[in-house]
Amino acid sequence: MLLTKREEYEARAEQMLLPLMEKHRFELVDVEWVKEAGNWYLRAYVDKEGGITLDDCELVNRAWSDQMDQEDFIEEAYILEVSSPGLGRQLKKEKDFKRSIGEDVDVKFYKARKIPGGKHGKELSVKELTGKLTAYDAQTITLETDFDPAYVIPRAEVSTVKLTIDF
């Protein structure tokens, strides 16, 4: 199977970071290769029990930067960045979904989706839905919402799933 450039960069960076994560008992939440405002970023999201600190991010960044300088597998100019996943962390991997069962999540769809809940029994068209994550598998995400205790959403229709931020 041929990997895209993005997949290759992310996989190699992840393999590079895993021993460092183990050594410091950090969790590698995600690695992404993205272009933002004309600049390429190789970004790692790290976390740990009790929350990641700025010093932790700096420690990972320095060690990772040294490794990247040695391996030098990316031709493009890029910015290396280490960050916390933040409060509204995106759920991407199975471990993210597993850890978030029972939590409120915001689900964004690729295109508007019809849901029950309008006046006089009419359906509403929404691009985003919030509910409690109650189940998931490779094909579906199940939410408990105001209108349905087991609302099943095909993953193919979902662009992102993030933890809901309550203020």
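1. Let's start with the H1/H2 packing. The axes of H1 and helix H2 (residues 54-71) come within 11 Å of each other and cross at roughly 140 degrees. Axes here are lines fitted to C-alpha atoms, for helices over the stretch in contact, with angles running from 0 to 180 degrees between N-to-C directions. H1 and H2 are therefore oblique to each other; under 35 degrees would count as roughly parallel, over 145 as roughly antiparallel, 65 to 115 as roughly perpendicular, and the rest is oblique. The crossing of H1 and H2 is right-handed, meaning that the near helix is turned clockwise from the far one by less than a right angle. On the H1 side the contact (heavy atoms within 4.5 Å) uses Arg 12, Ala 13, Met 16, Leu 17, Leu 20, Met 21 and His 24, and on the H2 side Leu 59, Val 60, Ala 63, Trp 64, Gln 67, Met 68 and Glu 71. Sorted by type, the residues of this H1 and H2 contact are 10 nonpolar, two polar and two charged. Nonpolar covers Ala, Val, Leu, Ile, Met, Phe, Trp, Tyr, Cys and Pro, charged covers Asp, Glu, Lys and Arg, and the others, Gly among them, are polar.

2. A word on the basis. This is a predicted model, so local features need pLDDT of at least 70 and side-chain atom pairs count only at pLDDT 80 or more, while totals for chains, interfaces and linings use all residues. Residues are numbered from 1 along each chain as its sequence is written, and side-chain values use heavy atoms, with hydrogens and water left out. Helices (H or I, at least four residues) and strands (E, at least two) are DSSP runs, numbered from the N terminus.

3. Ala 13 deserves a look. Ala 13 sits in helix H1 (residues 5-24) and, at 0% relative accessibility, counts as buried. The cut-offs are under 20% relative accessible area for buried, over 50% for exposed, and partly exposed in between (1.4 Å probe, protein chains only). Leaving out residues up to four places away in sequence, Ala 13 touches Val 31, Leu 42, Trp 64 and Phe 73.

4. Now the salt bridges: the count comes to 16, each being a side-chain nitrogen of Lys or Arg within 4 Å of a carboxyl oxygen of Asp or Glu. Glu 27 and Lys 95 pair at 3.5 Å, N to O. Glu 27 lies in strand E1 (residues 27-36) and Lys 95 in helix H3 (residues 94-99), so this pair ties together parts 68 residues apart in sequence. Glu 27 is buried at 18%, while Lys 95 is partly exposed at 35%. Glu 27, Lys 95, Asp 96 and Arg 99 are linked in a network of salt bridges.

5. Two further pairs are worth checking. In Lys 92 with Asp 30, the closest N and O atoms are 2.6 Å apart; Lys 92 is in the loop between strand E3 (79-83) and H3 and Asp 30 in strand E1, so parts 62 residues apart in sequence are tied together. Asp 47 and Arg 89 meet at 3.2 Å, N to O. That pair links Asp 47 in strand E2 (residues 39-47) to Arg 89 in the loop between E3 and H3, 42 residues apart, and both Asp 47 and Arg 89 are buried.

6. Finally, backbone angles. Most residues other than glycine have a negative phi. Arg 25, in the loop between H1 and E1, has a positive phi of about 60 degrees and is exposed at 75% relative accessibility. Ala 37, in the loop between E1 and E2, has a positive phi of about 50 degrees and is exposed at 82%.
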